[in-house]
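Welcome! Take a moment to turn the structure around on your screen, and then we will walk through it together.

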Amino acid sequence: MKIEFLAIPEVALITPPRFQDNRGFFSETYNAERLKEAGIHLPFVQDNQSLSTQRGVVRGLHCQLAPYAQGKLVRCTQGSIWDVAIDARTGSPTYGQWVGAELSADNWSQLWVPPGFLHGFCTLTDNVMVQYKCTGLFNKASERAVRWDCKDLAIDWPIKKEETILSEKDAQNPGFSEAKGWFSYP
């Protein structure tokens, strides 16, 4: 399992090996000991899965406030996404900065998004399946979101604004200034 920490050091790109033969492949996609050795040791308590049928679907930027804050281990098992994590921890040296990575069924990579970060993705292909493990259970009252195209964040999305498909809810999300104080650092 290859674990590579990104420009925001708490966010990691994790690529499990695939062992292929004439039948297909086998992959150990999660190993608690390997992640613990890399400093990722929160327990996962919920698994989520989404299907986006069209290219250009944007989901996010989402988070949950403490005590229901969630870390997420995100992977794409069908199609391809551009996945982003934004540091929303007030006082952090990387506050308001983002990192992104392409996750796909082909590259088999996963993105570790720690608690205190906003998370979102856009689909790069049709019929995209995304699965992610969460360190906290869903709690509607603690759910928060920021607008995907907030100018303060300047996320370099690989799709044009006019190509995006948003939920009604995500289309109404506020700017990043609303996130101040949601999380603290350390």
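We will look at a sheet to begin with, and then at the nonpolar cores.

Keep in mind that this is a predicted model.

Let's follow strand 1 to its partner. A hairpin of 6 residues connects strand 1 to strand 2, and 4 bridges pair strand 1 with strand 2 (residues 12-15) in the antiparallel sense. Here Lys2 has Thr15 in strand 2 as its bridge partner. Elsewhere in the sheet, strand 7 (residues 72-78) and strand 11 (residues 110-113) run antiparallel and are joined by 4 bridges. Look for Lys72, which stands opposite Val113 in strand 11.

In soluble globular proteins, nonpolar side chains tend to be buried together. The largest nonpolar core in this model has 22 residues, and Leu61, Leu118, Val146, Trp157 and Phe176 have the most contacts inside it. Strand 6 (58-64), strand 8 (80-87) and strand 12 (117-123) are the elements that give two or more residues to this core. Apart from it lies another core of 19 residues, including Val11, Val74, Cys76 and Ala101.

Finally, zoom in on Trp157. Setting aside neighbours within four places in sequence, Trp157 is in contact with Leu61, Trp82, Val84, Gly120, Phe121, Cys122 and Trp148.

Technical notes:
Residues numbered from 1 in each chain as written. Predicted model: local features only at pLDDT ≥ 70, side-chain atom pairs only at ≥ 80, totals over all residues. Heavy atoms only, no water. Pairing = 2+ DSSP bridges. Core = buried A, V, L, I, M, F, W, Y, C linked by side-chain atoms within 4.5 Å. Buried < 20%, exposed > 50% of the residue type's maximum accessible area, 1.4 Å probe, protein only. Contact = heavy atoms within 4.5 Å.
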